[in-house]
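Dear colleague,

I am handing over the structure we spoke about, and below it you will find my notes on what was found. Please read them with the coordinates open beside you.

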Amino acid sequence: MRPLLRLLAPLLLWLASVAPAQAAVTITFWSHELGNSFPHTFFSLRGVADAGGPPVDSYFGFTARSVSPALLFGSVAGRLDRPTPGYVSGSDAQFSVVMTDAQYADILALIAGWSEDTGDSRYDLGTRNCIHFVKEAASRLGLTGLDHPRLMRKPRSYLKAVAAANVGRVTLIGRHGKDHLATLPPIEAPAQPAGTISITSSSDS
């Protein structure tokens with residue numbers, strides 16, 4: 001038995017190194033083709049914080065509170081947007097990052113900072129639109145190559161440029177939303193939740 005264990009040990013160690021973390025929140029960046037529905041880019045948070053707590057499965061984007069000609073002339077009222085399951089299914093998952101709890105907390109702070117209830121929800125088509133929102137999220141994750149002035153109104157192209165600049169630091173997806181969602185396993189909460197980081201699931205909103 002001992003010789004067998006010695007042979008299996010390297011394999012077990014390798015499997016442990018490549019297996020996904022049992023408790024971590026993954027942020028996924030999504031794009032939606034331009035049209036009359038908003039936002040055109042957003043991110044999802046899915047998983048369980050390493051410190052414990054309830055499972056998370058939520059979506060966040062940023063958009064103008066109303067669409068009008070005023071968008072062309074400066075800042076207007078904005079709001080956080082919670083894309084519906086149907087909207088997500090019709091979008092494209094571009095890439096993801098498994099976050100540390102510190103990064104997860106920073107993303108929650110970003111959401112609060114852009115919320116009309118707890119922060120600055122000013123929307124500006126040129127300087128503070130949906131792409132700027134996901135750009136700030138990517139910045140807080142430590143991703144680089146985020147400045148693409150010509151792409152700040154081209155969500156899909158912007159996310160692809162960021163992914164290309166962070167090869168090895170992000171997990172490329174490049175899959176239609178419905179197909180990607182079908183690959184996601186159920187989220188299992190830890191047996192003994194102990195953390196304090198939490199957020200309302202999109203299914204409860």
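Trp30 stands opposite Phe42 in strand S2, and this pair belongs to the antiparallel pairing of strand S1 (residues 25-31) with S2, which extends over seven bridges. Please keep in mind throughout that this is a predicted model. On S2 there is also a pairing with strand S3 (residues 56-64), again antiparallel, in which six bridges join the two strands; within S3, Val56 is the bridge partner of Gly47. Strand S2 itself, spanning residues 41-47, is mostly covered, with six of its seven residues buried.

Helix H5 (residues 155-165) has Pro155, Tyr158, Leu159, Ala161, Val162 and Ala163 as buried residues, and these pack against S1 and S2, as well as against strand S5 (92-99), helix H4 (130-140) and strand S7 (171-176). As background to reading such a pattern, an α-helix has 3.6 residues a turn, so residues three or four places apart point the same way.

The side chain of His132 is joined to that of Asn129 by a polar contact of 2.9 Å, and, once neighbours within four places in sequence are left aside, His132 is in contact with Trp114, Gly126, Thr127 and Met152.

With best regards

Notes. Residues are numbered from 1 along each chain as its sequence is written. This is a predicted model: local features need pLDDT of at least 70, side-chain atom pairs count only at pLDDT 80 or more; totals for chains, interfaces and linings use all residues. Side-chain values use heavy atoms; hydrogens and water are left out. Buried means under 20% relative accessible area, exposed over 50%, partly exposed in between (1.4 Å probe, protein chains only). Helices (H or I, at least four residues) and strands (E, at least two) are DSSP runs, numbered from the N terminus. Two strands pair if DSSP finds at least two bridges between them. Contact means heavy atoms within 4.5 Å. A polar contact is a pair of N or O atoms within 3.5 Å; within protein, one must be able to donate a hydrogen and the other to accept it, and residues adjacent in sequence count only if both atoms are side-chain atoms.
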